[in-house]
Amino acid sequence: RWVQDGGLRDVEIFNADGHPVPFARIAVAPVTTSSEHSASLPVLELPASKTAASNDLRLVIDRDASGRLRRIDAGDSAPPSTTSRDWVADASAFDRPIESLVLSWSEPASGVVARFAVDASEDLQNWHNAASATVLLLEQQGAKLERRDIALGGVKAKYLRLRRLDDGAAIGGLHVEAHTVERGETAPARLWIDAAAAETPADPKVVARFDYTLPAALPVETARIELASDNALAPLTLSARATDTTAAPWLRAGGLTAFRLRQGDETLRNGDIDVRVAERLRAFRIESTTAIAERPHLALAYRPDSLVFLAEGRGPYRLAAGSVHARHADYPIEPALASLRSTLGKDWQPPLAALGRGAASGGDAALTTPPAPVPWRRWLLWAILVGGALVIVVMALGLLRNAKPPE
């Protein structure tokens, strides 16, 4: 925010001996990251229904050697099972969307092919289907086939019910583990800064116009315009330029219909504007074709510049910025980085240097444009020219006096 030159030529890095070290500005590309989280979920085995009966019937027909019927025995093929086939997993402590469940059990050790349906609920009363899948564990002649996971695709619920859909061998000691993967993109964090009100020239062709300025030209990415009055609506146009000078042209940065509506205790506002201007910006202007009672609030977001420097000499190193007098030299840092990456790998990055506490270096004098120097040579040249002209005039008058009148 103290940089005075749009090309960052007023930035310098010094070592502990006060000597400048080579450095350059670099573009930091966003990096996609992912982190995995897993946790064991408490599992409650639901009691089996004692009134449930098997749907299979048993029919036994006994005949003697001559074929005569001796006995007919009809009934269920097996007594109702008292083994539970439903479980509830408590995921209330796992405050993340669940990508998958991984099942394990104590028995049987092998020979399991089980199909499960997974239902999700927030209150143990209302359930909705989340997924269904088959888990298996088979071993035969030294070969092993295993699949224990059930994909949920990011379900977030307090309770999960697992229902066994097949009639295979009962599973004992069921254990459930929840897995999730969080993906994100890392980049230099955006900073927000409020634009200060600036003097606005009047224009009869524009109904409402408001000018703003920043302490320095910044790489602005996003603009947030907030109306000052409730229940207000206005179409706005945002313009920007790199300097505060009136000669610089205005560039259109975006437009939107701004609003501020209040519903009870909630205030609804318009969204932000993506600023798609490639250069650094310092001055901004909001215009509207309708009247606006009060000046809107303008906040701007930018990502700080990233610098890389060679740790030449001893540290600590000092980063200085904002001088209107000093300008740094151009250093060939990119070839050095390319050579390092060819040796250490294309993904190699320099170690991170942490910023210490800031302090004034040159003071306000370094941030203030000095008065223009007195042009002595120009004044001396004018003095010589004027003196020479006066000499010529005197000589001409003398010649006129001494001249004889014609006969």
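Let me start with Arg-161, which in this predicted model lies over the face of Trp-127, at 4.5 Å from the ring centre.

Staying with the rings, a search of the whole structure finds three aromatic pairs, and I will go through two of them. Trp-87 and Phe-116 form a tilted pair, 6.0 Å from centre to centre, with 55 degrees between the planes. This pair links distant parts of the chain, since Trp-87 sits in strand β7, residues 86-90, and Phe-116 in strand β9, 29 residues apart. Trp-87 counts as buried because its relative accessibility is 3%, and Phe-116 counts as buried because its value is 0%. The other pair I want to show is Phe-309 with Tyr-317, which is also tilted, at 5.3 Å centre to centre and 55 degrees between the planes. Here Phe-309 counts as partly exposed, because its relative accessibility is 26%, and Tyr-317 is partly exposed with a relative accessible area of 27%.

Pro-316 is placed in the loop between β25, residues 306-309, and β26, residues 318-321, and the peptide bond that joins Gly-315 to Pro-316 is cis, with omega at about 0 degrees. Another cis peptide bond runs from Glu-107 to Pro-108, where omega is near -5 degrees; Pro-108 lies in the loop between β8, residues 98-104, and β9, residues 112-121.

Which residues other than glycine take a positive phi? One of them is Leu-124, at about 65 degrees, which lies in the loop between β9 and β10, the latter covering residues 128-140. Leu-124 counts as partly exposed, because its relative accessibility is 41%. Another is Asn-231, whose phi is near 55 degrees, and which lies in the loop between β18 and β19, where β19 spans residues 232-241. With a relative accessible area of 58%, Asn-231 is exposed. For a glycine with a positive phi, please look just after helix α1, where Gly-345 takes a value of about 110 degrees. Helix α1 itself covers residues 333-344, twelve residues in total, and reaches 16 Å from its first C-alpha to its last, which is close to the 16 Å expected at 1.5 Å a residue.

Let me turn now to one of the sheets. Four strands form an open sheet in the order β15-β24-β18-β22, with antiparallel pairing. The edge strands, each pairing on one side only, are β15, residues 191-194, and β22, residues 273-274. Strands of a sheet pair through backbone hydrogen bonds, either parallel or antiparallel. Between β18, residues 220-226, and β22, the antiparallel pairing runs over two bridges, and Ala-223 stands opposite Ile-273 in β22.

Finally, the whole chain. What does the chain contain in helices and strands? There are three helices and 26 strands. Buried residues make up 27% of its 407 residues, and the chain exposes about 26900 Å², of which carbon and sulfur atoms supply 55%. Among the contacts between residues at least 6 apart in sequence, 74% join residues that are at least 24 apart.

Key
Residues numbered from 1 in each chain as written. Predicted model: local features only at pLDDT ≥ 70, side-chain atom pairs only at ≥ 80, totals over all residues. Heavy atoms only, no water. Expected span 1.5 Å × (residues − 1). Pairing = 2+ DSSP bridges. Buried < 20%, exposed > 50% of the residue type's maximum accessible area, 1.4 Å probe, protein only. Contact = heavy atoms within 4.5 Å. Areas by Shrake-Rupley, 256 points an atom, 1.4 Å probe, with all protein chains shown as cover. Phe/Tyr/Trp six-rings, centres within 6.5 Å; stacked < 30°, edge-to-face > 60°. Lys NZ or Arg CZ within 6 Å of the ring centre and 35° of its normal.
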